[in-house]
Amino acid sequence: MTALNRFPSLMARAGTASALTLAALGGTVVVPGIASEAEAATVANKALKIAASKKGSPYRWGATGPRRFDCSGLTLYSFKKAGKKLPRTAAQQYNKTHHLSAKQARPGDLVFFHSGKYVYHVGIYAGKGRIWHSPKSGDVVRLQKIWTKSVWYGRVR
């Protein structure tokens with residue numbers, strides 16, 4: 001129950017209530033656009049933790065888990081477990097995300113590696129210039145520093 005439900009005259013007396021007033025009364029504040037951002041952040045954080053939990057899992061081309069992954073298979077698996085559906089390939093995932101600048105990127109966002117317009121790899125941003133990803137054949141899921149400036153960022157919504 002929000003403060004407005006418990007104190008119906010609050011809005012009538014004040015016209016509007018400040019976020020601090022509502023918080024002090026145990027209420028919640030709903031601001032258009034903010035709830036979806038908060039939800040996206042929660043899903044992204046879950047997906048990041050799921051990807052990290054797969055540390056050491058072997059790379060296999062076309063694999064989507066739960067024991068082996070290719071790059072987009074790891075992102076697909078992680079977000080699916082966190083409650084969001086992504087398409088299969090890195091390029092398709094890029095096309096389904098909200099595109100961001102490097103400065104806007106937060107942990108849990110996707111990092112897309114590209115050559116020109118061709119997206120060839122994806123990982124989950126872990127912050128501080130690092131990603132969780134499944135790099136290549138013969139390798140395993142691991143945390144690694146982003147090694148190029150040829151990256152784009154995307155947020156799953």
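## A tour by way of the aromatic rings

Start by selecting Y94, F112 and W152, which form one aromatic cluster. Rings of Phe, Tyr and Trp (its six-membered ring) pair if their centres lie within 6.5 Å; planes under 30 degrees apart count as stacked, over 60 as edge-to-face and the rest as tilted.

A word on what you are viewing: this is a predicted model, in which local features need pLDDT of at least 70, side-chain atom pairs count only at pLDDT 80 or more, and totals for chains, interfaces and linings use all residues. Residues are numbered from 1 along each chain as its sequence is written, and side-chain values use heavy atoms, with hydrogens and water left out.

**The aromatic pairs.** By the ring rule, there are five aromatic pairs. One of them joins F69 and Y77, edge-to-face, at 5.2 Å centre to centre with 65 degrees between the planes. Are these two buried or exposed? F69 is buried, at a relative accessible area of 0%, and Y77 is buried too, at 13%; buried means under 20% relative accessible area, exposed over 50%, and partly exposed in between (1.4 Å probe, protein chains only).

Next, select Y125 and Y153, an edge-to-face pair with centres 5.9 Å apart and 85 degrees between the planes. Y125 belongs to strand β3 (residues 118–127) and Y153 to strand β6 (residues 151–155), so this pair ties together parts that are 28 residues apart in sequence. Both Y125 and Y153 are buried.

**The loop at P58.** Now move to P58, in the loop between α4 (34–53) and α5 (71–82). This proline is partly exposed, with a relative accessible area of 29%. Show its neighbours: leaving aside residues up to four places away in sequence, P58 touches R67, R68, F69, D139 and V140, where contact means heavy atoms within 4.5 Å. F69, from the pair with Y77, is thus back in view.

**The whole chain.** Zoom out and colour by secondary structure. The protein chain has six helices and six strands, running α-α-α-α-α-α-β-β-β-β-β-β from the N terminus; helices (H or I, at least four residues) and strands (E, at least two) are DSSP runs, numbered from the N terminus. Of its 157 residues, 39% count as buried. Among contacts between residues at least 6 apart in sequence, 50% join residues at least 24 apart.
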